[in-house]
Amino acid sequence: MRLGLIGYGNIAATLLGLLERTGVRPAHLAVLARPGSGATVRARIAADAADVPALAGAATVVEDAAGLLGCAPDLVVECAGHGGVAAHVPAILRAGVDLVLVSVGAMSDAALEASLRAAATEGGARIILPAGAVGGIDLLAALAPAGGLEVIYRGSKPPRAWAGTPAEAALDLDTLTERRVFFQGSAREAARDYPKNANVAATLALAGAGFEATRVELIADPAAAGNMHSYEVRSPVANYRMEIENLPSAGNAKTSVSTVYSVLREVRNRMAVVAI
Ligand SMILES: NC(=O)C1=CN([C@@H]2O[C@H](COP(=O)(O)OP(=O)(O)OC[C@H]3O[C@@H](n4cnc5c(N)ncnc54)[C@H](OP(=O)(O)O)[C@@H]3O)[C@@H](O)[C@H]2O)C=CC1
Ligand SMILES: O=C([O-])CC(=O)C(=O)O
């Protein structure tokens, strides 16, 4: 598989290490870096090549979508945040290349969601939404056609994971001593206002009850064992609860490590005889 990545941060670098560890070596790797940061990304890839030998001299770094498409990727994984989605993803889809969209919360922008869907339809490409930091998306999506869904998601992380977000206006994250719910609202509001922390709210919304009906609570908890994700689903067909205690990434406390494993699963499934 010829693999393209949009963004070379925590998820991208961890993903490449996991691919190597699980014996998957892309036939070619292209990385789309933020314009002007190609040299920096090249240097980071060279440093990471100590752990991921396949990277040594093998990655092509480009700075725009045309450059990425010039590398003829079979699959592109977006892991660059909401800005990266708007900047690059429509062109990739329009060119007919399937894309794993990790920054699912970008679809909380209704105009961007419409443009991504239109670009994919025009190009005959698929937008693949990984489960990300949560699980059970298969059951939620299966139940959705039955209607009558009620979904509430709670995302609870240690205070430092909320640094640089609107939570700082409500809480003193440095001195917090007890669990505090600082946001209650819709999945659309959560994904829009917490673009690095509430992509899972968007994934649950798209799988199930939609952006308005999916309820979200965001919590800072100094006693949290990690990045905690829980949600409850009630429907006429089945009811269930999920609780996931996630290890935060070493490279980004906001992102759970299991997010990267879910992206790994999507990439491996593209090559597997049996996809599961
Ligand atoms: N679906 C899910 O469950 C989850 C989704 N996510 C999403 O994944 C994203 C990435 O996470 P993570 O890897 O941990 O974050 P990082 O911040 O570690 O990495 C993001 C990388 O993308 C780069 N980037 C930003 N904008 C662009 C652009 N326009 N073009 C190319 N590269 C760009 C950044 O560069 P620079 O440093 O120059 O900004 C950075 O290197 C998050 O922002 C979030 O949206 C995260 C966790 C869970
Ligand atoms: O990785 C996580 O814990 C979840 C996350 O940040 C997100 O949904 O954006």
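Colleague: What makes up the shell around ligand 1, by class?

Modeller: Keep in mind that this is a predicted model. The shell around ligand 1 has 13 nonpolar, 17 polar and two charged residues. Gly counts as polar in that scheme, and the closest residues of the shell include Gly7, Gly9 and Gly132. Asn10 and Ile11 are also among the closest, out of 32 residues that surround the ligand.

Colleague: Which helices supply at least two residues each of that shell?

Modeller: Those are α1 (10–21), α4 (82–94) and α9 (199–207). Helix α4 has the largest share, with four residues.

Colleague: How do the domains themselves meet, and how many residues are in contact?

Modeller: The test is C-beta atoms within 7 Å. By that test, 16 residues of domain 1 touch 17 residues of domain 2. On the domain 1 side, α1 has the largest share, three residues. That side is made of five nonpolar, 10 polar and one charged residues. The domain centres, taken over C-alpha atoms, are 24 Å apart.

Colleague: What about ligand 2: which residues come nearest?

Modeller: Ala133, Asn199, Val200, Asn227 and Ser256 come nearest, out of 13 residues around ligand 2. By class, the shell has three nonpolar, eight polar and two charged residues.

Colleague: What is His229 in contact with, beyond its sequence neighbours?

Modeller: Leaving out residues within four places in sequence, His229 is in contact with Ala133, Val134, Gly155, Val200, Ile244 and Asn246. Ala133 and Val200 are also among the residues nearest to ligand 2.

Colleague: And which strand holds His229?

Modeller: His229 is in β10 (residues 227–234). That strand pairs with β11 (residues 239–246) in the antiparallel sense, over eight bridges. Two bridges are enough for a pair, so eight qualifies. A four-residue hairpin joins β10 to β11, and Val233 stands opposite Tyr240 in β11.

Colleague: What makes Val102 buried?

Modeller: Val102 has 31 C-beta neighbours inside 10 Å, so it counts as buried against a cut-off of 20. Val102 sits in the loop between β5 (98–101) and α5 (110–123). Val77 is 25 residues away along the chain, with 7.4 Å between the two C-alpha atoms.

Colleague: Why is Ala72 called exposed?

Modeller: The limit for exposed is 12 or fewer. Ala72 has 12 C-beta neighbours inside 10 Å, so it counts as exposed. Ala72 is found in the loop between α3 (65–70) and β4 (75–78). Its phi is near 50°, a positive value in a residue other than glycine. Most residues other than glycine have a negative phi.

Colleague: Last topic, the open sheet. What is the strand order?

Modeller: The order is β3-β2-β1-β4-β5-β6, six strands with parallel pairing.

Colleague: Why are β3 and β6 said to stand at the edges?

Modeller: β3 (59–62) and β6 (127–128) each have a single partner strand, so one side of each is left without a neighbour in the sheet.

Colleague: And what makes β2 largely enclosed?

Modeller: Four of the five residues of β2 (residues 28–32) are buried, so the strand is largely enclosed by the rest of the structure. Strand β2 is joined to β1 (residues 2–6) by five bridges, with Leu5 opposite Val31. Four bridges join β2 to β3, where Leu29 stands opposite Ala59.

Definitions and conventions: Residues are numbered from 1 along each chain as its sequence is written. Chains are lettered from A and ligands numbered from 1 in the order in which they are written. This is a predicted model: local features need pLDDT of at least 70, side-chain atom pairs count only at pLDDT 80 or more; totals for chains, interfaces and linings use all residues. Two residues are in contact if their C-beta atoms, placed from the backbone, lie within 7 Å. A residue is near a molecule or strand if its C-beta atom, placed from the backbone, lies within 6 Å of it. Domain bounds come from an automatic or database domain assignment.
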